[in-house]
Amino acid sequence: MKIQSAHFGEVDISDQKILHFPEGLPGLEDEQRFALLTVGDGQPINWLQSLSHEEIALPVLDPFVVNPSYAFDIRQEDIDFLEISEMKDVYILSVLVIPSNVDDMTINLSAPIIINVINNRGRQICLDDKQYRVRTPVAQLLRQATESGEEKHASADQKTE
């Protein structure tokens with residue numbers, strides 16, 4: 001199937017790759033069919049492209065790329081709605097805000113998008129956990145991950161001396 005996209009022009013996607021969001025997304029409740037478009041090999045940012053309105057494309061990222069310690073529980077209601085039988089079949093995405101100065105990019109960690117990769121059914125959920133914010137600076141998360149990695153590396157070096 002050929003679709004028009006906001007950032008890539010005409011794109012050919014397989015019908016099996018269409019993602020279904022029966023409730024839409026918050027603020028986009030009427031948008032129920034999307035395709036996940038990738039920029040290229042090795043690029044972490046993808047685009048959740050509406051199939052009914054080419055101007056609607058959300059930049060998304062696997063949140064574990066910038067926050068390896070990201071963790072939350074998926075409610076049973078969401079598991080049932082998405083028809084998840086095994087957690088290995090779940091793909092998590094977070095919406096990005098990419099301003100003109102990319103150093104100010106933020107990620108929404110308080111409302112992850114959950115996708116069952118077996119049936120391509122998705123839902124954006126709102127976490128009750130107040131530790132995650134809607135606009136978390138990506139640069140801050142990367143800095144923390146680097147510092148955490150350096151601290152672990154330094155600790156390992158000290159133990160071997």
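**A walk through the fold and its pockets**

Of the 161 residues in the protein, 40% are buried (under 20% relative accessible area with a 1.4 Å probe, protein chains only). Keep in mind that this is a predicted model: local features need pLDDT of at least 70, side-chain atom pairs count only at pLDDT 80 or more, and totals for chains, interfaces and linings use all residues. Residues are numbered from 1 along each chain as its sequence is written, and side-chain values use heavy atoms, with hydrogens and water left out.

Now the layout. There are 2 helices and 11 strands, taken as DSSP runs (H or I, at least four residues, for helices; E, at least two, for strands) and numbered from the N terminus. Starting at the N terminus, the order reads β-β-β-β-β-β-α-β-β-β-β-β-α. The C-alpha trace spans about 60 × 40 × 25 Å along its principal axes.

On to the pockets, open sets of points on a 1 Å grid over the protein atoms alone, where a 1.4 Å probe fits and protein lies on both sides within 12 Å along at least five of seven lines; lining residues have an atom within 4 Å of a point. Strand 4 (residues 33-38) gives the most to its lining, with 4 residues, and the lining residues include Ile 13, Lys 17, Leu 36 and Asn 120.

The second largest pocket comes in at about 150 Å³. Among the residues lining that pocket are Phe 72, Arg 75, Asp 78, Cys 126 and Asp 129.

Key
Grid points are joined across faces, edges and corners, and a volume is the space filled by probe spheres set on the points. Buried means under 20% relative accessible area, exposed over 50%, partly exposed in between (1.4 Å probe, protein chains only).
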